[in-house]
Each structure stands twice: as structure tokens, then as C-alpha cells.
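Open your viewer and get ready to select residues by number.

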Amino acid sequence: MNKMKTLFIALLCMGVGTLSAQTADSTQISPWTKEGFAGLKLTQVSLTNWAAGGDNAVGFNLQFNYFANYKKAKHLWNNRLELDYGLNKTKSDGTKKTNDKIYLSSTYGYEIAKNWYASGLMTFQTQFAKGYDYNVDPDVFISRFMSPGYLLIGAGFTWTPKSWFTATFTPATWRGTFVSSKILSDQGDFGVTPGKHLFSEFGANLRMEAKYEFLKNMTVFSRLNLYSNYLKDPQNVDISWDVQLNMAINQWFSCNITTNMIYDNDTKILQKDGTKGPRLQFKEALAVGFQVTF
């Protein structure tokens, strides 16, 4: 576990250091393009003698997104950090986690032709806290920090035909799935051999990202990842598709809609009948609240 935390701290420090890089002379046109936002969304419901029924509830969601992209001469360096955490509490069900994500990505490319770069890609993803499957057994956790944790490192090519679209294909890609929890490791969750804490794969990865302002103060960001493991069932392509729609109400308030779709053949979802198998995972969240853009 200490090794896992050391790895996470090193990756996060590298990402934060990258994202906070500054040019020496602010009077010159900077090769950096930076943008981000931090938001707090709150929900609250209070009922007294309410004939239609219901339950008192309070919830919050904290979100932080930031990207820093560098482009100068033949060099391209794109970096992105996403943090997301939310809780909801009701009188009858107690406190439940609604959102939980740590995502860090860095891509470096060297131009070899117009809009084409020889590039290297690194992504890291995990969650902050324990997660439970409330539909099956709300007392048994199914995930926690670094269980799973995903580290992906690949080499290939990046294509940037438009300023708002980037595609990176890495035909030589290692992906490690970390399961630090002994309980989940002993169960063989997330593809690891029972009792082991790391599941290694080697394959090809395609990542496509688009960020586009289609109306004033309305921006959509989409990221699609496709991964095929050469070593086992390469026809089973793992899919991860994230979409964020951000609508700015004014300088301080906004509305966000996020969707996440995941299919991973190595992630077995427990069903109510006790069977486990890969399933299409989908999450949608709508939030309105305080947001600062910088």
C-alpha cells in the first residue's frame, strides 16, 4: 500500500508541476494555453408533513478540472488533471458516495509532418475513497484508493487536424491495473490473479479528445478511449467514454452535465443472483452551483 501511495504522490506531483509551469517573460506570447475551473454544487431537500412522501436529503459535489498545453516549434505537450468527489445523505439511507475520480494525463509529441507528431502518452486514474454497490450489498466495499488504480504508458502518434480535436494512437501500450486491497485482490477483482496486486496488459490504445464551444458560454468536452490487449482476447476492446457539458450562467454560477460510459472485459460486476460478469457501466450527473473559471 505504501508503494501505491508513493506512486500516486509522484504522479500527482509531476502533473501539478507540469500544470503550473510558467514562462520566464510574461511580455512575450506564451507557448502555454491554460484553462480550468473549480466548482461546488449543493443539493438540499427538507420535508415536513409532506403528503406525497419523500426523505430529507443533503448532498454536495466538488469538482476541479485543469489543462495546460504547450506548443512551440516542433514540440507539443498536452496535460490534463481532473478531480471529482461527491456525497449524498438521506435520513433513511445515510451517506452514500455519488462521484469519485482522480485522473491525470500527459502527452508529449515531436512534429514529423503537418499536424502529425511522434508521441508518448501517460495516464493515471483511481478514486479517493471506498465505494459500495448499494444495489447488491451496501455493507461490502467494491473499490477504494488504488483498488483499482490504472496506469497507462504508450508510444505512438498524435494527430491534431483542428485546434479543438486531438487523436493519439499508441500501438505499443502497457496498462497496469493495481489492486492494493487484500480483500479485493484475494477475490481476483479487476482482472488480477487471486492474491496478486497487479494485472499487466500490453496492447494498443486509441484516445480521441474534443473540446468545442458550440454556443456562447456552452462548451462540450468529450474523451473516448479504446484499448485492446494483444496478450488476451484482443477482440474484446475496452471502452471508456467521458462527456462533460458546461453551461456558464454568469461569472460565478454554472450548470454541468457529465456522463461516463465504461466497458472493461476484466471488470466483473456482481449481480443480485450472485453471478459476476462484464457489464456496460453508465453514470450521469446533473449539477448546478458555484463555479470559478481561471
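Is W252 buried, partly exposed or exposed? Select W252: with a relative accessible area of 42%, W252 is partly exposed (buried means under 20%, exposed over 50%, partly exposed in between, with a 1.4 Å probe and protein chains only). W252 sits in the loop between β12 (238–248) and β13 (253–263); strands here are DSSP runs (E, at least two residues), numbered from the N terminus.

Before moving on, a word on the model. It is predicted, so local features need pLDDT of at least 70 and side-chain atom pairs pLDDT 80 or more, while totals for chains, interfaces and linings use all residues. Residues are numbered from 1 along each chain as its sequence is written, and side-chain values use heavy atoms, leaving out hydrogens and water.

Next, select K211 and E35. Their side chains meet in a salt bridge at 3.4 Å, N to O (a side-chain nitrogen of Lys or Arg within 4 Å of a carboxyl oxygen of Asp or Glu). This pair links distant parts of the chain, 176 residues apart, with K211 in strand β10 and E35 in strand β1. K211 is partly exposed at 32% relative accessibility, and E35 is partly exposed at 33%.

Now try R80 and E82, which form a salt bridge of 2.6 Å, N to O. Here R80 is buried, with a relative accessible area of 11%, and E82 is buried at 0%.

Definitions and conventions:
Helix = DSSP H or I, 4+ residues; strand = E, 2+ residues; numbered from the N terminus.
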